[in-house]
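Work through the exercises below with the model open beside the text.

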Amino acid sequence: MTTTDLTTLSGLDLMRWVQSERPADIPSIGRLLGMRFDEVDAGRVVVSLDTCPDFANPLGIVHGGIAATLLDSAMGCAVHTTLPAGVGYTTLELKVNYIRAARTDGQTLIAEGTVLHAGRRTATAEGKVLDEQGKLIAHATTTCMILHADG
């Protein structure tokens, strides 16, 4: 396990730590799906993954939940980059628009999340998932509730 006290890191520092350390010993949805943190900036995060047959829906294409999870992760982590140490967030609302199907044969999907508003109680962000040719797979918006330790 890591010896870094993650609660002392700002959201931006935490996301940059995850990007650089790629901690395999911490359970997460990112680890489960094989997500990579490609870019981490204040208010913007890019994550990617390679599809696999286990991501298939009954029709044999990537399940929409994979794109939704990529979007929720990219947008939520983008929101997290705006938060000070000890402050968290949770998704209140996620609206996804699916544009085209993705294949399960190792196709790389890239999700970008960008913060639109970061307030004391809520934050909003937008995101998109592209394939490796730059074709739009899905796009979304989110509202996150900011969780302060002091209530």
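**Exercise 1.** Identify which residues form a nonpolar patch on the surface, and locate Leu92.

Solution. The patch consists of Leu92, Met145 and Leu147, which together have about 250 Å² of accessible area (Shrake-Rupley method, 1.4 Å probe, with only the protein chains shown counting as cover for residues). Patch residues have over 30% relative accessible area and no salt bridge, and nonpolar side chains (Val, Leu, Ile, Met, Phe, Trp, Tyr) are joined within 5 Å, like charges within 9 Å. Leu92 is found in strand β3, residues 88–98; helices (H or I, at least four residues) and strands (E, at least two) are DSSP runs numbered from the N terminus.

This is a predicted model, in which local features need pLDDT of at least 70 and side-chain atom pairs count only at pLDDT 80 or more, while totals for chains, interfaces and linings use all residues. Residues are numbered from 1 along each chain as its sequence is written, and side-chain values use heavy atoms, with hydrogens and water left out.

**Exercise 2.** Determine which residues touch the most other members of the largest nonpolar core, and which element gives the most to this core.

Solution. A nonpolar core is a set of buried Ala, Val, Leu, Ile, Met, Phe, Trp, Tyr and Cys residues joined through side-chain atoms within 4.5 Å, where buried means under 20% relative accessible area, exposed over 50%, and partly exposed in between (1.4 Å probe, protein chains only). The largest such core has 39 residues, of which Phe37, Leu49 and Leu70 touch the most other members. Elements that each supply at least two residues include α1 (11–21), β1 (36–41) and α3 (64–80), and α3 gives the most, with ten residues. Leaving aside neighbours within four places in sequence, the contacts of Phe37 include Met15, Val18, Val47 and Cys77 (heavy atoms within 4.5 Å).

Methods. Salt bridge = Lys/Arg side-chain N within 4 Å of Asp/Glu carboxyl O.
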